[in-house]
Amino acid sequence: MAIVKPFCAVRPRSDIADQVAALPYDVYNRQEAREAVKGKPYSFLNIDRPETQLDPEIDIYDDLVYKTANRLLRKQIESGVFLQDRLPCYYIYELTMNGRSQTGIVGCSSVDDYESGVIKKHENTRADKEIDRIRHVDACSAQTGPIFLAYRSKKEINSIVSEVKAEQKPIYDFISEDRIEHCVWRIANPVMIEELKDAFENIPNLYIADGHHRAASAVKVGLGRRNEKPDYTGEEEYNYFLSVLFPDDQLFIMDYNRTVKDLNGYSKSEFIEKLKENFIVKAVGKEGFSPKEKHTFGMYLDSDWYELKIREELISDDPVKSLDVSLLQNYLLEPILGISNPKTDRRIDFIGGIRGLKELERRADSDMRVSFSMYPTTIGELFAVADADLLMPPKSTWFEPKLRSGLFIHLI
């Protein structure tokens with residue numbers, strides 16, 4: 001059973017919520033973050049990436065960076081940019097992109113559920129990325145970026161969401177620069193709060209869809225504070241972490257494509273002949289090719305697109321090995337192009353489907369050589385991998401739209 005509790009959110013004033021809300025800290029590199037906050041004093045990215053407020057020569061892991069995050073957060077709370085609800089609430093967060101909406105419940109998930117496996121993972125985390133967010137959460141005594149969780153859709157939760165949306169006006173309703181509409185409702189009714197608590201307690205598992213590093217960092221801060229206070233009760237706020245929980249039937253996963261620097265010493269004709277050992281190769285012309293079914297890939301090379309179909313005898317029943325990202329890695333990227341570790345090999349880069357096929361062409365025509373378009377991983381595949389206690393290859397899923405940071409802060 002899953003524990004998801006209401007909390008007293010620190011959140012922006014409604015008149016400036018659109019100016020506060022920011023994309024997650026990790027979608028930017030250092031220079032992009034610095035550019036993104038120019039002329040935007042309320043943007044939460046100032047707090048999420050506090051090095052943007054300091055000399056560009058300072059180390060991004062300097063103690064001063066994390067102290068600056070805490071100082072900026074406290075200053076904005078004290079100045080009234082943020083307010084805090086007096087009683088614990090749940091919140092409904094709806095994002096609408098290109099006419100399609102997904103609606104989640106904002107609450108706090110349990111550190112113990114994460115540790116026990118009630119909350120399931122499908123990715124490994126990197127220690128250096130964890131340490132950064134651990135220090136940020138610890139310095140601010142706050143979780144500032146929500147973890148994107150998924151669950152198998154439940155009619156009791158859907159009914160409460162529909163009722164609140166029908167009866168209440170949203171506390172936030174704005175369209176961000178990328179044309180995503182963000183609407184938020186507050187659930188303060190004690191009866192509804194208990195109903196939601198009970199509904200989540202009847203859900204056997206939650207799944208991390210996006211935010212593995214944020215989740216691991218929040219959990220490690222919580223466990224660290226437990227160690228500092230052996231008489232903890234389990235009810236302290238650090239025993240829970242900020243989450244937005246979405247039903248699986250509303251989620252949209254986009255393709256996560258690949259582009260590679262060279263052909264690993266092969267000529268174009270040699271490379272294509274080598275592909276035919278594991279794939280059925282078909283030239284499709286100059287128009288961009290996006291796969292319409294699993295186990296099919298697009299390839300862009302020297303201004304031409306090709307369709308690649310994996311040979312049926314190579315398809316496994318294993319939940320990880322059967323993923324398209326695994327098939328491409330195991331039968332093309334590693335054995336032919338020599339990319340054994342896509343996490344660390346600088347010859348490969350990953351391009352989210354939101355950027356389109358033109359970006360694959362642009363990269364292959366400029367700093368790379370060959371690009372591959374993918375069929376999106378499904379939420380069912382993600383659940384199957386997590387249920388088997390297995391891990392997906394890196395860069396398997398690209399969720400859209402992205403949750404905004406700064407709309408909800410959980411003080412610990």
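A: Start with strand E15 and strand E17 (residues 304-310), which run antiparallel and are joined by 6 bridges. Here a strand is a DSSP run of E with at least two residues, numbered from the N terminus, and two strands pair if DSSP finds at least two bridges between them. Gly285 faces Trp305, a residue of E17.

A note on the source: this is a predicted model, where local features need pLDDT of at least 70, side-chain atom pairs count only at pLDDT 80 or more, and totals for chains, interfaces and linings use all residues. Residues are numbered from 1 along each chain as its sequence is written, and side-chain values use heavy atoms, with hydrogens and water left out.

Now widen the view. The open sheet has 6 strands, ordered E15-E17-E16-E19-E14-E18, with antiparallel pairing. E15 (279-285) and E18 (348-352) are the edge strands. Each has a single partner strand, so one side of each lacks a neighbour in the sheet. From one strand to the next, the twist averages 25°.

Last, the cysteines. The structure holds 0 disulfides (pairs of cysteine sulfur atoms within 2.5 Å). Take Cys8: its closest cysteine sulfur is in Cys89, 6.9 Å away, which is too far for a bond. Cys8 is partly exposed, at 22% relative accessibility. The sulfur of Cys183 lies 18 Å from its closest cysteine sulfur, also in Cys89, and that too is too far for a bond. Cys183 is buried, at 7% relative accessibility. Buried means under 20% relative accessible area, exposed over 50%, and partly exposed in between (1.4 Å probe, protein chains only).

Terms used:
Helices (H or I, at least four residues) and strands (E, at least two) are DSSP runs, numbered from the N terminus. Axes are lines fitted to C-alpha atoms, for helices over the stretch in contact, and angles run from 0 to 180 degrees between N-to-C directions.
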